[in-house]
Amino acid sequence: MTDFMKALGVILPWIVAIFSAYLLVVIAGFFGGIIKYKKKDPTLKLLMNGFGYFVFSIMIPALVGTTIYSFYQFFTTWNLEAFNATALAYVAFVYSFQDIFFAGRNVVVIGNKKFETRKFKSVKYPGKKKLIFVYGTKEYKIPLRFVHESQLKRYIK
């Protein structure tokens with residue numbers, strides 16, 4: 001049993017480090033997609049409420065700080081345990097980033113998905129912080145946790 005625990009102690013930090021690297025690539029893809037969409041449509045506007053600005057003003061420095069700390073620890077002491085905090089910060093950021101809306105003239109970008117507003121078949125706001133719409137043949141249910149709803153309703157009719 002102790003050999004298994006020793007092996008697990010060696011393998012698990014590497015799995016967490018690889019998972020952190022994967023999430024870093026996902027986050028870079030999110031930002032790359034947003035930059036690509038902003039270049040194609042300069043009318044895209046961020047539809048974030050005050051709570052969203054507050055959360056991301058805390059989350060982004062925490063994300064950058066844990067990333068720098070993890071790589072510093074890894075390259076100075078070859079210790080992989082610092083990647084635990086980084087993986088946790090990445091998971092929280094990726095989960096939260098899916099609720100960011102950008103809206104433009106005929107386009108809405110939710111997370112990293114682009115939707116043309118003219119192809120929306122039905123749009124409903126069943127709760128205070130929820131959006132349900134049909135795009136093509138698929139129904140999407142999206143929380144409006146960080147979204148300024150009045151601005152969103154102006155773009156999606």
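Strands E3 (107-110) and E4 (113-116) pair in the antiparallel sense over four bridges. Strands here are DSSP runs of E with at least two residues, helices are runs of H or I with at least four, and both are numbered from the N terminus; two strands count as paired if DSSP finds at least two bridges between them. The model is predicted, so local features need pLDDT of at least 70 and side-chain atom pairs count only at pLDDT 80 or more, whereas totals for chains, interfaces and linings use all residues. Residues are numbered from 1 along each chain as its sequence is written, and side-chain values use heavy atoms, with hydrogens and water left out.

On its other pairing, E3 is joined by strand E2 (residues 101-103), antiparallel over three bridges, and a hairpin of three residues connects E2 to E3.

Gly-111 is buried, with a relative accessible area of 3%. Which residues does Gly-111 touch, not counting residues up to four places away in sequence? They are Ile-34, Phe-97, Gln-98 and Ile-100, contact meaning heavy atoms within 4.5 Å. Gly-111 also lies 9.0 Å from Gly-33, C-alpha to C-alpha, although the two are 78 residues apart in sequence.

Ile-34 and Phe-97 also belong to the contact between two helices, H1 and H3. Two packed helices are described by the angle between their axes and the distance between the axes. For helix H1 (residues 2-40) and helix H3 (residues 83-97), the axes come within 9 Å and cross at roughly 30 degrees; axes are lines fitted to C-alpha atoms, for helices over the stretch in contact, and angles run from 0 to 180 degrees between N-to-C directions. The crossing is left-handed, that is, the near helix is turned anticlockwise from the far one by less than a right angle. H1 contributes residues including Phe-19, Leu-23, Ile-27 and Phe-30, which meet a set in H3 that includes Phe-83, Ala-87, Tyr-90 and Val-94.

H3 itself has 15 residues and reaches 20 Å from its first C-alpha to its last, close to the 21 Å expected at 1.5 Å a residue, the expected span being 1.5 Å times one less than the number of residues. Its buried residues, among them Thr-86, Ala-89, Phe-93 and Ser-96, pack against H1 and helix H2 (50-77).

A separate description applies to the open sheet of three strands, whose order is E5-E6-E7 with antiparallel pairing. Its edge strands, each pairing on one side only, are E5 (120-124) and E7 (138-143), and the twist averages 20 degrees from one strand to the next. E6 (residues 130-135) and E7 pair over six bridges; Lys-130 has Pro-143 as its bridge partner, and Ile-132 has Lys-141. In the hairpin of E6 and E7, which has two residues between the strands, Gly-136 takes a positive phi near 70 degrees.

Notes:
Buried means under 20% relative accessible area, exposed over 50%, partly exposed in between (1.4 Å probe, protein chains only).
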